[in-house]
Amino acid sequence: SVVYLNLRKGNQYTMGELNRTIMKSQNTLSINVLMKGYCLLSLLSVVSITKATAIYTTVTPDTNWYNYLTYSFSILTIPILLFAFLKRRKYKGIHFGYVIVYLLCRELIRWICGYSSIFDSNYFEMFLILTQSFALCITVCVLCKNQVAKIEKFLDYYVIFAVASQLFRAVLGFTTEGRLGALGLGVGGTGFFLASYILLLVYTRTFDRRFTFLFFTAFVGLLLSGQRTNIFIMIMCLLPFVSNNFKKIMKNRLELQVGKSDKYKINFLVLMLYISVFVVLIIVALDGFGIQIGFIEPIKRLSESVTQIFIGSVNSDSSILGRQASIEAGMKILEENMMGLSNDYYDLQYWMLQYGFPTYPHSTLLASILLWGPFCALFCTWYMCLLFYQLHKYKSQMRYVLMFLIIVSIIWGGPILVEPQFAVILIYLSIAKIKLITLRNCC
């Protein structure tokens, strides 16, 4: 029979063995593509489908007069949980599972000691959200073979589908106070994801046609989300890139030092700035003539914020005042409960209602301290800062994405209520860890 030589391993194959090897690789590829598609569908989860396929549901208890959160655990999540459990040893990202185990042990201790606990309330929504998010992160990283380029490519597709879902919601008229969120993310999560993704693009990717398309797509989606805080923090995190490269451009040394890619990025960012100013001027003009267009409401909201900054009337903004009131209420709860509350969103909401605020503290760090306890929340923050410091030591551009995550977690957000948003955070942290491991091995 004909014998084939595998030059890489030095093995010999017959025709039959070679065919079986090819078929096996094709089947593996098909499963990989199907699972990636399934992960995208999970990230773009539709509330009605999740509720229809739910095997566990929680609703706001009667003690909380404001109905803010209804959680459903869908049976459609189980394939991802099983895949993540079976392939967990191949995962090279951050091991958030230890945090979940710690939080469970903390709840058990609280229950034994007679404090409020999820084992009394039977509200397990937070643990299910954390577990689903971590399982999604493991699945995506394993399917992408822990390769940063492949993980980023998966995020590229997610951005395209997320913004497409925003436009689809705009056509149907499904807005939140004039703002548009992607399926599965909501308005806040959409703004957070797209702002952090733009930073990932600018700092880590080469300028080409794909970069232009993805940047423009993410930028449009970010404007439609109307998330002012995320946009302003993103701009702040872009300043080092602009200032460092602008100095080189002025000295005509950029092409010699880093090539043309960063110069093109600078020109593209300037062009996008001009377009943004032009669009804002058109919106102001249309508003002056009394012409209202639904999808420009989020952009109008952003232009009003910029105007308030320049005329010094930021303190009168209702959103900022509401954010301040929520953080003040959260700090009062922390004063009474220095070791935090139980891992129960409804318990936190109940305490917030006692201080006159209907939802949650608008700070992810503060909400995490109250829900997870100070030790766990501050440890997670310390880990992010340590990861940032180590990336900074190796001068990795990924550190600016970490900077964005750290700043946003302190002054924006709240408890993680949706799986896709937290899955994105874990994926970013896993990318940072994989890059750090690669840098260490190279040096």
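Predicted model: local features only at pLDDT ≥ 70, side-chain atom pairs only at ≥ 80, totals over all residues.

Start with Arg 205 and Asp 156: both are buried. Buried here means under 20% relative accessible area, exposed means over 50%, and partly exposed is in between, with a 1.4 Å probe and protein chains only.

Residues are numbered from 1 along each chain as its sequence is written, and side-chain values use heavy atoms, leaving out hydrogens and water.

Back to the pair. Side chains of opposite charge can pair when their charged atoms come close. My salt-bridge rule is a Lys or Arg side-chain nitrogen within 4 Å of an Asp or Glu carboxyl oxygen. Arg 205 and Asp 156 meet it, with their closest N and O atoms 2.6 Å apart. Arg 205 sits in the loop between α8 (186–204) and α9 (209–225), and Asp 156 in helix α7 (residues 148–172), so the pair ties together parts 49 residues apart in sequence. Helices are DSSP runs of H or I, at least four residues, numbered from the N terminus.

Asp 156 also bridges to Arg 210, at 3.4 Å, N to O. That joins helix α7 to helix α9, so parts 54 residues apart in sequence are tied together. How accessible are the two ends? Asp 156 is buried, at 1% relative accessibility. Arg 210 is partly exposed, at 38%.

Arg 106 is buried at 9%. Glu 107 is buried at 0%.

Next, helix α6, residues 125–143. Expected span is 1.5 Å times one less than the number of residues. For its 19 residues that should be 27 Å, and the end C-alpha atoms are 27 Å apart, which agrees. Of those 19, 17 are buried, so α6 is largely enclosed by the rest of the structure. After α6 comes Lys 145, with a positive phi near 55°.

Last, Val 46. Where is it? In the loop between α1 (15–43) and α2 (47–52). At 31% relative accessibility, Val 46 counts as partly exposed.

Definitions and conventions. Helix = DSSP H or I, 4+ residues; strand = E, 2+ residues; numbered from the N terminus.
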